Amino acid sequence: MLNDTIAAIATPLGEGAIGIVRVSGPDAIDIASKLFVSRTGVDWRRQGSHRLFYGLVVDPANGQPVDEVLLGVMYAPRTFTREDVVEFNCHGGIVPLRRTLELVLQHGARLAEPGEFTRRAFLNGRLDLAQAESILDIIRAKTEAGLQVAMSLLAGELSSWVHAFQDQLLGLVAQVEASIDFPEEGIEEATREELIQAVRTIIDQLEELLRQARYGKVYREGLRTVIVGRPNVGKSSLLNSLLREKRAIVTEIPGTTRDIIEEVVNVRGIPIRLADTAGLRKTDDVVERIGVERSRELVKMADLVLVVLDASTGLTDEDRSVLELVRGQKGIILVNKSDIGDGQALAREVERLAPDKPVKVISVKTGEGLGQVEEAIEQMVLGGQAIASELPLVSHVRHKQVLARCHEHLQEVQRALCAGENLDLVAIDLRAAWEVLGEITGTTVAEDIVDRIFRDFCIGK
Ligand code: GDP
């Protein structure tokens, strides 16, 4: 329903300097007229759009002032939702915000669902679906680089690419269909060759985009990381040094049984997510504490493992079992305490044992080698390959899946063309490739997918 008026508290509940009750829809202005009393005596309804007015929210039932506010008034269509919007900038306390919201709801608005303001922005053409998704990314960005990726999505970089790509595909569809419409002219070998070339170019671009999607995901979601090693090698010291110097944010992940505390450290713009580090800090040995099974699970789930060894003691059987535990896993081996042991000798020994992982000699105590660790993490994430900046960075799994489906259709096109098959079939797959891309921008997307996307949003967004 787009002809009703929605309202919600748009700021986090708690104590703050200000809190905002946002109202959007055809009755927004009327509702404000019933509740807002200007303190300066201006007739705010005659003052034009995008203005702030100083006054009181007053309960019309008893004339009692509820809060002193600034009322923001924005008329359609130049608003986020493309509808009339008013925002009550209240004092940031739970009671004034709740009371103001209640009054707004009593006077004609209904409580907005999660993400409903953004959903209206999408339905009213203010944003496409990918841009709408970027808004949650901006809110949740963990590092500046993550924010940049989100901002480029909001700016429509991926969307523009999709449009351009769809244009190219439509051009091919037209070419193929022209050949179908005039079968007597047959399709010349040259035309088929030309089509094959054109499709090849498109597939190449798509593959590049998909290859880079890995990095986009990391910037958006962060890299799940665990630190492993036997007791006393310096895991907690490493963790604390990372947290001291690089801590980005601490977030709570709501879990089924309990909330996990997650700390995010910022390593060269890459959000490194260390889950439940409080727990890690309490005990020396993760493997001991949670048992081999559970730690195997933890390690398996991780995108990156940091294995810590101790140069002052040399390699022990316990170290060997830790190395065994992380076999096949993406990771970096850190030979710690190089200030009191022969780090290089141990590093050489370990390189033979675990040739698939880079080995870095470090000392958490003196800080030696820590820069190299950052470099290694960056190298691991970016794979040493430069990101082609003219292509947008795909950061959502949903977008990546759409691109993968588009890729499948195009490969089918390529196969059919090379095999000299009927052009009707080629046209069908070309059209399918075009259509599937529209799921990114939302032009051809199913309602339930849209529902799912906005369900993740908070109320008031
Ligand atoms: P964990 O059991 O693996 O978490 O190890 P800790 O971080 O608790 O460190 C064990 C001991 O090693 C502590 O006394 C640390 O101060 C010390 N330690 C950690 N890193 C270094 C280092 O680079 N050089 C030296 N000399 N000592 C270190």
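A polar backbone atom of glycine 234 is 3.0 Å from a ligand oxygen, and a backbone N or O atom of lysine 365 is 3.1 Å from a ligand oxygen. The ligand alone exposes 580 Å², and the protein buries 75% of that; accessible areas come from the Shrake-Rupley method with a 1.4 Å probe, and for residues only the protein chains shown count as cover.

Please note that this is a predicted model, in which local features need pLDDT of at least 70, side-chain atom pairs count only at pLDDT 80 or more, and totals for chains, interfaces and linings use all residues. Residues are numbered from 1 along each chain as its sequence is written, and side-chain values use heavy atoms, with hydrogens and water left out.

Which residues come nearest to the ligand? Of the 16 around it, they are Asn232, Lys235, Ser236, Ser237 and Asp339; a residue is near if one of its heavy atoms lies within 4 Å. Helix α8, residues 235-246, gives the largest share of this shell, 3 residues. Helices here are DSSP runs (H or I, at least four residues), as are strands (E, at least two), numbered from the N terminus.

I turn now to the chain. Its secondary structure comes to 16 helices and 14 strands. Of its 461 residues, 48% count as buried, meaning under 20% relative accessible area (1.4 Å probe, protein chains only), with exposed over 50% and partly exposed in between.

In α11, residues 317-325, the buried residues include Asp319, Val322, Leu323 and Leu325. They cover an arc of only 155 degrees around the axis, which puts them on the same side of α11; the arc is that of the directions from the helix axis to the C-beta atoms. Threonine 316 caps the N-terminal end of α11, with a side-chain oxygen 3.3 Å from the backbone nitrogen of glutamate 318.

In α16, residues 447-455, Val450, Ile453 and Phe454 are buried. Their arc is only 90 degrees, which places them on the same side of α16. Their cover includes α3 (116-123), α4 (129-140) and α14 (397-418), judged by contact, meaning heavy atoms within 4.5 Å.

Technical notes:
A polar contact is a pair of N or O atoms within 3.5 Å; within protein, one must be able to donate a hydrogen and the other to accept it, and residues adjacent in sequence count only if both atoms are side-chain atoms.
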